[in-house]
Amino acid sequence: MKIAVVGMGYVGSVTAAVLAEAGNSIYAVDIDPMKIESLKNGKPLIHEPGLEEILQANKERFTFSTSYEGIRGCDICILCVPTPNSSGRIELKYVLEAAKRAGEIKPGITLVIKSTVLPGTASRVASETKLTVVSNPEFTSEGRAVNDTRHPNRIVIGSGDSGAAQMVADLWKFTASPVLITNNANAELIKYASNSFLATKISFINEIANLCEKIPGADVSVVAKGMGYDRRIGSEFLRAGLGYGGSCFPKDTQALIGFASDMNERLSVVEAAMTVNSAREQRVLDLCKSALGGNLDGGKICVLGLSFKNDTDDLRESKSLTLISKLEGEGAQVRSFDPIVKGNSQKNHCDTLKECVSGSELVVIATEWPEFKESLTDFHGTIVDARRILDPGSVTKYRGVGLYSG
Ligand code: UDX
């Protein structure tokens with residue numbers, strides 16, 4: 001098929017790449033000329049494992065452009081533009097603008113909304129553009145987005161037009177994943193409900209972690225393992241730590257709460273998940289404080305990991321960054337290191353882990369990069385493992401989130 005993809009961010013570039021790999025021709029649009037120039041050379045501006053290789057291997061299937069004109073030759077247009085948070089509500093202007101422009105260039109084109117939008121958005125876009133609108137939310141995780149797009153757990157398609165829904169189902173047939181075809185509102189809500197549920201799972205285990213810290217002998221990682229064997233619970237998203245960050249969970253939970261409250265409904269479970277999450281940095285700060293004898297002033301602290309999770313350079317809503325400013329607020333001298341985020345605005349950012357760790361009294365593991373595991377065996381100060389990736393016995397002095405320490 002000839003497919004237009006609008007918005008070359010994390011979602012759009014990976015969607016375009018995987019659809020090209022499946023044999024489609026892609027007309028990829030973004031308003032940012034730098035992004036387009038870089039993609040034309042097969043080099044994405046973001047770090048996403050596997051993406052560059054697909055772009056290089058399928059060069060002839062792509063046309064990258066800052067102009068919407070080429071949409072005229074496409075059968076379908078997939079919107080992957082951002083829906084940022086605007087005072088607790090989602091900002092729809094990019095979706096509406098892109099939809100209108102696509103409809104002006106090619107009246108009658110089938111529009112697919114992959115951007116995360118609240119229930120009612122597809123029907124609003126349809127009434128403003130007179131286009132057939134299919135909702136097709138993505139469930140990809142940054143850092144694993146290529147694999148998630150090639151092999152999603154499920155494909156959710158929402159539309160009032162069964163022909164258009166089938167066309168989108170056919171587009172993703174190569175994934176061999178289960179397909180749910182429903183209406184737009186259900187498809188839109190599935191995305192928010194899924195992200196809010198996952199965020200709740202993380203906050204739940206983080207509260208159990210708080211409790212474990214008070215129970216002699218308790219360790220949240222063992223408790224989570226035992227819970228996870230129950231298939232009804234599942235082992236994923238039960239890693240206690242510094243809490244969730246990133247461009248999705250914080251924004252989506254907040255948007256869902258706001259959306260519900262507009263309809264006089266209160267999502268108290270999701271609210272609680274947010275409250276627990278916002279207290280995580282303080283909790284880890286307190287662990288650091290107690291490890292340094294109750295005072296962080298002048299403490300030499302090394303923070304490992306800056307992005308919101310491993311395998312991405314994305315700093316949006318990064319818990320590590322807020323922890324660093326809290327530590328600095330208490331007078332600590334903080335140095336940081338990240339395997340892929342380089343030369344960022346952090347004052348004392350080190351190029352190597354060795355440089356960051358040397359001379360520090362305390363190391364905080366703020367992001368779950370597996371490579372940190374092997375690199376700390378020679379460090380003899382205290383390690384605060386805020387992501388529970390180390391074996392407590394493998395280092396000299398260990399303090400972990402959710403681990404009783406007396
Ligand atoms: C998430 C969803 O997983 C994805 O389906 C959706 O499309 C977009 O939002 P992403 O934001 O890329 O993806 O990251 P994810 O891997 O879900 O992690 C989110 C945050 O939760 C990270 O900060 C991570 O460190 C944290 N996390 C995750 C935990 O603290 N514990 C866990 O057990 C899992």
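On a 1 Å grid over the protein atoms alone, a cavity is a set of points where a 1.4 Å probe fits but cannot get out, and its lining residues have an atom within 4 Å of a point. Grid points are joined across faces, edges and corners, and a volume is the space filled by probe spheres set on the points. The model is a predicted one, in which local features need pLDDT of at least 70 and side-chain atom pairs count only at pLDDT 80 or more, whereas totals for chains, interfaces and linings use all residues. Residues are numbered from 1 along each chain as its sequence is written, and side-chain values use heavy atoms, with hydrogens and water left out.

When the whole structure is searched, one cavity of 30 Å³ or more is found, and the largest cavity holds about 50 Å³ of space. Its lining includes Ile113, Lys114, Ser135, Pro137 and Lys191. Helix α8, which spans residues 184-212, gives the most to this lining, with three residues (helices are DSSP runs of H or I, at least four residues, numbered from the N terminus).

The ligand has 21 residues around it, of which Glu142, Arg239, Phe308, Lys309 and Glu368 come nearest; a residue is near a molecule if one of its heavy atoms lies within 4 Å of it. In this shell, too, α8 supplies the largest share, three residues. Domain 1 (2-182) and domain 2 (213-400) both give residues to the shell, so the ligand lies between them; the domain bounds come from an automatic or database domain assignment.

Lys191, one of the residues lining the cavity, also places a polar side-chain atom 3.0 Å from an oxygen atom of the ligand. A backbone N or O atom of Glu142 lies 2.7 Å from a ligand oxygen atom, and a polar backbone atom of Thr140 is 3.1 Å from an oxygen atom of the ligand.

Notes
On a 1 Å grid over the protein atoms alone, a cavity is a set of points where a 1.4 Å probe fits but cannot get out, and a pocket is an open set with protein on both sides within 12 Å along at least five of seven lines; lining residues have an atom within 4 Å of a point. Helices (H or I, at least four residues) and strands (E, at least two) are DSSP runs, numbered from the N terminus. A polar contact is a pair of N or O atoms within 3.5 Å; within protein, one must be able to donate a hydrogen and the other to accept it, and residues adjacent in sequence count only if both atoms are side-chain atoms.
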